[in-house]
Each structure stands twice: as C-alpha cells, then as structure tokens.
Amino acid sequence: MAARKRASAKPIPPPTPETTTTQIDPPIAPPKKALIFIFCLLFSIPYFYLLYLHYKIEQDLRRSILINAALCVAGFFLTQRMIPVASRYVSKRGLFGFDINKKGTPQGDVKVPESLGIVVGIVFLVLAILFQYFNFTSDSNWLVEYNAALASICFMILLGFVDDVLDVPWRVKLVLPSIAALPLLMAYAGHTTIIIPKPLVSYVGQEVLDLGWMYKLYMGLLAVFCTNSINIHAGLNGLEVGQTVVIASAIVIHNLMQIGASSDPEYKQAHAFSIYLVQPLLATSLALLSYNWYPSSVFVGDTYTYFAGMTMAVVGILGHYSETLLIFFLPQVLNFLLSLPQLSGYVKCPRHRLPRFNPETGLLTGTRDGTLINFYLRIVGPKSEKALCIHLLFVQALGCCFCFMLRYFLAGWYK
C-alpha cells in the first residue's frame with residue numbers, strides 16, 4: 001500500500017503527430033545521492049570492523065562475502081541506471097499514480113511512475129544467480145535450498161507485479177505469500193526442531209523439541225507475515241524501502257556477529273547463506289531509495305513490498321534465526337496489531353488508511369485508522385511527510401538496536 005491514488009485504467013489511444021509532440025512526460029528527478037552516501041558511510045564502519053578487526057573469520061568465508069558485496073556494488077549502479085528507463089515504460093502503459101499526501105498542491109498533480117520494484121527484483125535475481133558461479137559447486141549441500149529460495153522470491157515478484165496491474169483484493173493478498181513460499185517449503189531439508197528456552201526446560205521435559213510438519217507451517221506463516229507487514233506499514237515517500245534498508249542492514253550485522261562468534265561450520269554457513277541474499281537486497285533497495293525518498297520520483301508498488309518481505313522471511317528461515325527476525329520487525333508487529341480490527345473486518349476499513357494532509361500547512365495529521373503512522377501522529381502531533389518518515393525509520397532502528405541488546409543480555413540464560 002503506497003501513498004498514491006492509481007490512475008483509472010483507460011484505453012490508450014494510438015499516438016498522433018500532435019500527441020507525440022505535446023504529451024511527453026518530463027524525466028524523473030535525479031537520485032538523492034547524498035542520502036545514500038551518508039548511509040553507506042555509517043553502515044560500512046561496523047561492517048568492515050566486524051569482518052576484519054573484531055572477529056577472526058576464515059579467509060574463504062570472508063572472500064565469498066566480499067565477492068558477493070562486489071557484485072552488489074555493481075547491482076546498485078545497474079539498478080540506479082535502469083529505474084529512469086523503466087519509469088518511462090511503465091508510465092506509457094498507464095502504471096502511474098498521484099501522491100495522496102500532496103493532494104491540493106502542485107506536486108499532487110504530478111504523474112509518478114509506479115511498480116518500479118520490478119527493476120529491483122530483476123537485478124536482485126541476476127546478482128543472486130551470478131553469485132552461484134563464485135561460491136557453489138554442483139554438489140553443494142546448500143545449492144538446492146538456495147535455488148528454492150530464489151524460486152520463492154521470483155514467484156513473489158511475479159505475484160506482486162500481478163497485484164500492481166490487477167489490483168487484487170485484500171483477501172487474495174493474504175494468500176499470495178503462501179503460494180510463493182511453496183518452493184522453499186517443499187525443498188527445505190533442514191531440521192524441524194526448536195531449542196526450548198532454559199527457564200522452560202523443566203516444564204517441557206526436554207531441551208530440544210521436534211515440531212515436524214508444524215515447523216513448516218510456522219515457516220509458511222512467517223513468510224505471510226513478513227510479506228504483508230512490509231506492505232501495510234506504508235504510505236509515506238521512502239517508508240517501504242527505508243524500513244527494508246534498516247532491517248536488512250541489521251540482518252547483515254547480526255549474521256557477521258554470529259559467524260564470528262561461532263565455531264560450528266554448519267552454523268557459519270547458514271548465516272553466510274543469509275548474507276549472500278541480504279546484501280543484494282540491501283544494495284538494490286538503496287538504489288531504489290535514492291529515487292523513492294521524499295519527494296518521491298517513483299512509487300515502488302506491491303511488487304517491491306512483497307519481494308522485500310519474502311526475501312527477509314527466506315533468509316530468516318534458512319538462517320535459523322526467525323525469533324531474531326521477528327524482533328527486528330517489532331514496528332511491523334505493532335502496526336499489524338493496530339491494523340487487525342480493520343483488516344479482520346470488525347472495524348470499517350477504508351481503501352487508504354493514510355493520515356490527513358493539510359495543503360495550507362503541508363503537515364500530516366493522524367486519523368483514527370489503526371496504523372502505526374496514525375498512532376504516532378496522534379501522540380507527537382502533526383508532522384511533515386519527510387520528518388514523519390525519518391521519525392518512523394528512527395523507531396525502526398531503535399527496534400533493531402533493542403534486538404541486539406536483548407540478545408546480549410539473554411545470551412547464556414535464555415538459550
């Protein structure tokens with residue numbers, strides 16, 4: 001769900017000499033490079049510190065991570081070059097919208113190209129497939145699950161783009177991630193056990209519990225939650241991509257910490273597997289954020305939110321840290337709980353559950369709709385769209401920091 005009103009689908013008349021010279025849309029605004037540079041600078045400090053200084057990571061494993069990172073840098077620039085080209089094509093086919101949070105201002109009448117998440121998804125898949133050449137052999141134990149993960153992500157990109165084009169109802173949207181997760185669930189050959197928290201061992205009677213088919217059901221539900229939670233915590237320029245960038249950064253740092261602190265080769269490979277998929281997500285998302293940040297030049301569409309949510313669900317499942325992933329998703333969990341009465345139909349749910357925009361002041365005011373955006377505005381008061389997005393991303397970062405702090409204090413006592 002983005003902060004836009006989709007243009008009504010009308011038959012596009014054949015071009016005439018007059019229309020071809022008068023109805024050419026202006027190019028989109030250039031990317032916000034300063035924003036991306038600042039983020040990369042802040043992220044690279046803990047990234048290289050953990051990779052080179054704090055932990056003694058095996059040379060081969062570090063080499064694979066850096067090869068993946070080098071491919072991601074190339075993917076970033078490729079994505080940034082492809083977005084303006086793709087925006088012209090989607091606009092010609094009528095895939096554009098108007099920013100609701102700018103209604104009543106000149107910016108509210110600008111046609112914004114939509115569904116540019118398809119570019120990010122395509123580049124991500126290309127990077128992930130090319131990386132197999134450098135890291136996996138034909139008899140690798142991880143190759144089957146790696147390709148199954150890519151199949152699920154590819155399936156979700158396809159279904160997300162179908163949703164952008166056909167605008168499917170909510171009850172169908174809840175089912176789509178379950179379908180996309182099937183390749184991963186069918187190919188999953190890992191354990192189906194969970195470690196019982198130490199305070200509960202005496203009540204359960206065992207330290208490890210095998211859930212069997214219930215574990216795969218849990219995996220499917222996690223995929224549904226992650227995918228839809230990104231989709232419904234939206235409505236501001238840069239929020240959908242911004243929250244993905246923050247969570248993906250936290251996931252990369254978490255994986256590096258687990259690789260460095262562990263002596264189990266299988267455990268290290270599971271977290272390295274997660275890095276191999278999250279780094280391309282982070283790089284391509286940063287390229288999209290440079291165009292989607294306020295004022296947004298492009299809309300990401302459900303294609304991106306579904307793709308990003310499924311990718312993070314996949315790495316959480318195959319990296320075996322789904323509990324940590326859910327804590328990274330704390331703002332999304334809160335947003336889901338606030339949204340539940342409306343999503344379940346108990347309370348009337350409007351088409352767009354966005355804050356109210358005042359064109360005279362340029363500020364957003366919270367409504368009674370059950371979203372974290374409106375809840376936050378009701379607490380802190382009216383905010384501009386850019387300031388509100390920064391506040392919410394700061395809350396997202398605090399949630400990730402809380403997760404790291406929680407793991408630190410509970411280590412050795414909880415598990």
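Tutor: Start with helix H16, residues 372-380, where Leu-372, Ile-373, Asn-374, Tyr-376 and Leu-377 are buried. Keep in mind that this is a predicted model.

Student: What covers the buried residues of H16?

Tutor: The cover includes helix H11 (239-261), H15, strand E7 (363-365) and H17.

Student: How do I read the packing of two helices, for instance H10 with H15?

Tutor: Take the angle between the axes, then their separation, then the residues in contact. Helix H10 (residues 213-232) packs against helix H15 (residues 330-343) at about 80°, and the axes are 10 Å apart. Angles of 65 to 115 degrees count as roughly perpendicular, so H10 is roughly perpendicular to H15. On the H10 side the contact is made by Phe-225, Ser-229, Ile-230 and Ile-232, and on the H15 side by Gln-332, Val-333, Asn-335, Phe-336, Ser-339 and Leu-343. Sorted by class, the residues of this contact are six nonpolar, four polar and no charged.

Student: At what angle do H2 and H3 pack?

Tutor: Helix H2 (residues 33-54) and helix H3 (residues 59-92) pack at about 170°, with 13 Å between their axes. An angle over 145 degrees counts as roughly antiparallel, which means that H2 is roughly antiparallel to H3. H2 contributes Ile-36, Tyr-47, Phe-48, Leu-51 and Tyr-52 to the contact, while H3 contributes Arg-62, Ile-65, Leu-66, Ala-69 and Phe-76. The classes here are nine nonpolar, no polar and one charged.

Student: Which aromatic residues form a cluster with Tyr-47 and Phe-48?

Tutor: The cluster consists of Phe-39, Phe-43, Tyr-47, Phe-48 and Tyr-52.

Student: How many aromatic pairs does a search of the whole structure find?

Tutor: The search finds 16 aromatic pairs.

Student: Where do Tyr-215 and Tyr-218 stand relative to each other along helix H10?

Tutor: First the general idea. An α-helix has 3.6 residues a turn, so residues three or four places apart point the same way. In this case, Tyr-215 and Tyr-218 are three residues apart in helix H10, so about one helical turn separates them.

Student: Is Tyr-215 buried or exposed?

Tutor: Tyr-215 has a relative accessible area of 6%, so Tyr-215 is buried. Tyr-218, at 29% relative accessibility, counts as partly exposed.

Student: With which residues is Ser-322 in contact, leaving aside its neighbours within four places in sequence?

Tutor: With those neighbours set aside, Ser-322 is in contact with Tyr-218, Leu-222 and Gly-316. Ser-322 lies in helix H14, residues 322-328. Its relative accessible area is 12%, so Ser-322 is buried.

Student: How many residues apart in sequence are Ala-397 and Phe-328?

Tutor: Ala-397 and Phe-328 are 69 residues apart in sequence, yet 8.6 Å apart in space, C-alpha to C-alpha. Ala-397 is in helix H17, residues 385-410, and counts as partly exposed at 27% relative accessibility.

Student: Over which ring does the charged end of Lys-92 sit?

Tutor: The charged end of Lys-92 sits over the ring of Tyr-89, at 5.6 Å from the ring centre.

Note on methods: Residues are numbered from 1 along each chain as its sequence is written. This is a predicted model: local features need pLDDT of at least 70, side-chain atom pairs count only at pLDDT 80 or more; totals for chains, interfaces and linings use all residues. Side-chain values use heavy atoms; hydrogens and water are left out. Axes are lines fitted to C-alpha atoms, for helices over the stretch in contact, and angles run from 0 to 180 degrees between N-to-C directions. Helices (H or I, at least four residues) and strands (E, at least two) are DSSP runs, numbered from the N terminus. Angles under 35 degrees count as roughly parallel, over 145 as roughly antiparallel, 65 to 115 as roughly perpendicular and the rest as oblique. Contact means heavy atoms within 4.5 Å. Ala, Val, Leu, Ile, Met, Phe, Trp, Tyr, Cys and Pro count as nonpolar, Asp, Glu, Lys and Arg as charged, and the others, Gly among them, as polar. Buried means under 20% relative accessible area, exposed over 50%, partly exposed in between (1.4 Å probe, protein chains only). Rings of Phe, Tyr and Trp (its six-membered ring) pair if their centres lie within 6.5 Å; planes under 30 degrees apart count as stacked, over 60 as edge-to-face and the rest as tilted. A charge sits over a ring if NZ of Lys or CZ of Arg is within 6 Å of the ring centre and within 35 degrees of the ring normal.
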